[in-house]
Each structure stands twice: as C-alpha cells, then as structure tokens.
Amino acid sequence: MKEGEKVRRAASSSSQNYSTVSEFILIGFSSFPQHFLPTFFLLFLLMYLFTLLGNLLIMGTIWREHSLHTPMYLFLCALSTSEILFTVAVTPRMLADMISTHRSISFVACASQMFFSFTFGFTHSFLLMIMGYDRYVAICHPLRYNVLMSTRDCARLVSWCWAGGSVMGMILTLIVFRLNFCGSNEIHHYGCHVFALLKLACGKGTAAVTTGVILVCVTALMGCLFLIFLSYVFIVAAILRIPSNEGRHKTFSTCVSHLTIVVVHYSFASIIYLKPKGPHSIDLNTLLATTYTVFTPFLSPIIFSLRNKELKIAIQRSFHRKFSSLGF
C-alpha cells in the first residue's frame, strides 16, 4: 500500500514539474540600458521601412517594365516577396516590445512566429539556390536557356521553393513545440528564436531535438550553399573560355548582385547557426541576431538596385516617367 502511494506521489510531482506553458516573456532589448532603446528603435524602424519600400520598389519596377519579364527577375521578385514576409514576421514585434512594458507572447503566437520565420528563411535560401542555377543555365547553356527556363518551369521552381520552405517550417515548429517547457518562461531573445526557446525545454528528448534542429538547419543551408558554389564553378569555367576581356566582364556582371547577396546572406546566417559555443553575453547574442533578421534584409534591395545595371536603369526610368507626368 505504501509503495503504491509513493508511485502516485511521484507521478503527481512529475506532472507538476512539466506543467503546460501558456505564454512566454520576450526579454529582447529590455536588459539593455534604457537610454539606448530610443536610438535602437529609430535605427531598426528606419531599416525596416527601407526594407519594405526597397523591395516593393523592386517588385513594382519588375511588374511595370516588360523588358524585365525574364526568369532572373521573376526569381528576384519572389526573393523580394520572401524578404518582406520574413521581415514582417519578426521585426514589428521586436519594435513594439522596445517601447512596451508588456512583452509576453502566447504559446500559439510564438509557434506561429517560429513557423513563418523558418518558412520564409528557408524559402529565401532555396530561391538563392535557384537563382544560381538560372545564372548557370544562362551562361553555360545559352542556346537551351529558353527551353530549360520557360515561364512554366520558372513558376514550378518558385512553387517548389515556397513549398519546401513551408514543409521545413512546419516540421521544425511541430518538433520543437511538442517538447515540454518547464521552469522559466523567459526567452532571452526579441523573438521566438529556436535555440533560445530550446533552452527552456526539459525532458528526455530535449538534447536529441536540439541536435536534430541544428543538423536540419545546417544541412539545408550548407546544401544550398554547396549547389550555389557548384553553379559558380561551372560559370567561372565558362567565363574563362570567353576570349575578350570585355566579354568576360559583361558576362560576369550579370552574376555580381546575386553573388553579393549570397555572401551577405550566408555570412550573417553562419553567425546565428554556426556560432561556436562560449561565454557570450545575452546582450551580444541579441545584437548578433539582428544582423540576420534586420541588417541582411535591409542590404538586399540596396545591393540589387545598385549592382544590377539593368534594374538600376529601369528604376531610374520609372522615376523619370513618374516625375514627368507630375510636371517636374
């Protein structure tokens, strides 16, 4: 009889330890000195607005200019869309928490934010990979370009990128939120970032899930990067076979904006996913995370509008027509 009572007490104690968490507290920038917050808020707000306006400008220009209705710019339009959606999923909440004392987020809202950030983040990586393939076909197989990159094929590739991103986001979010969360409900991040959330999880499967999430994220990122690298190996080999310097320069110039974005995207992503474990302060981790969620989307429209000559001319022509119609 006494043994049975002990078992029931142990089961009761276990169920109390693994009580359901209904909400989390986003610590974010609240640990920073308060006099820094207005500066951070204004800086990130301006970067957020520029990201939205810059990408909308690129999308609008591509839509209006018939000369830009090509596979490369279709992919760029899809990339700008994923950039906007990724930014909207994370940044507004971060900005709101900077000027609010109520920093709680419900369990469902946290899961939703993680799903959308994963979905749009992976979609962005997949689109960069497809854009590398597009440049490979254009330079290495120019005579077959219209066949291999038809409108239907391009739409199919973009659809696969979005579907792949959604599947990855759903799987990772379901895996993480099936864990038990006990103890503190304070997330030391400005969003529901997967690694900050995993630190709050408890139970036997936590270590395995953490390892699995890291492997999936790193494998997906490195897999896309490897295929992009492979594309550029063949591209460089094809460019070196062009006899004239002018021809080589003109051909390579069509790849510069994409290559620059790839370097920026993967450099900042590696800060988040490949950062070595060590005694990093919470404030430093928070600032490092903004390089991927705020700074990278901010740079993207700048790079494409400045480094892509055809798009740059189209934007200037669009502005010129607009101002001319207004009588300036």
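Here are a few friendly notes on the sheet and the cysteines of this predicted model.

1. Some ground rules. In this predicted model, local features need pLDDT of at least 70 and side-chain atom pairs count only at pLDDT 80 or more, while totals for chains, interfaces and linings use all residues. Residues are numbered from 1 along each chain as its sequence is written, and side-chain values use heavy atoms, with hydrogens and water left out.

2. You will find an open sheet of 3 strands in the order 2-1-4, with mixed pairing (strands pair if DSSP finds at least two bridges between them; strands are DSSP runs of E, at least two residues, and helices runs of H or I, at least four, numbered from the N terminus). Strand 2 (104-106) and strand 4 (186-187) each have a single partner strand, so one side of each lacks a neighbour in the sheet.

3. A pairing to look at. Strand 1 (residues 23-26) runs antiparallel to strand 2, joined by 3 bridges. Here F24 sits opposite I105 of strand 2.

4. The disulfide. The whole structure holds 1 disulfide (a pair of cysteine sulfur atoms within 2.5 Å). C110 and C192 form this bond, with S to S 2.0 Å. C110 belongs to helix 4 (residues 107-140) and C192 to the loop between strand 4 and helix 7 (194-198), so the bond ties together parts 82 residues apart in sequence. The S-S torsion is about -130°, so the disulfide is left-handed.

5. C110 is buried at 0% relative accessible area, and C192 is buried at 4% (buried means under 20%, exposed over 50%, partly exposed in between, with a 1.4 Å probe and protein chains only). C140 is in no disulfide, the nearest cysteine sulfur being that of C255, 9.0 Å away. C140 is partly exposed at 22%, whereas C217 is buried at 1%.
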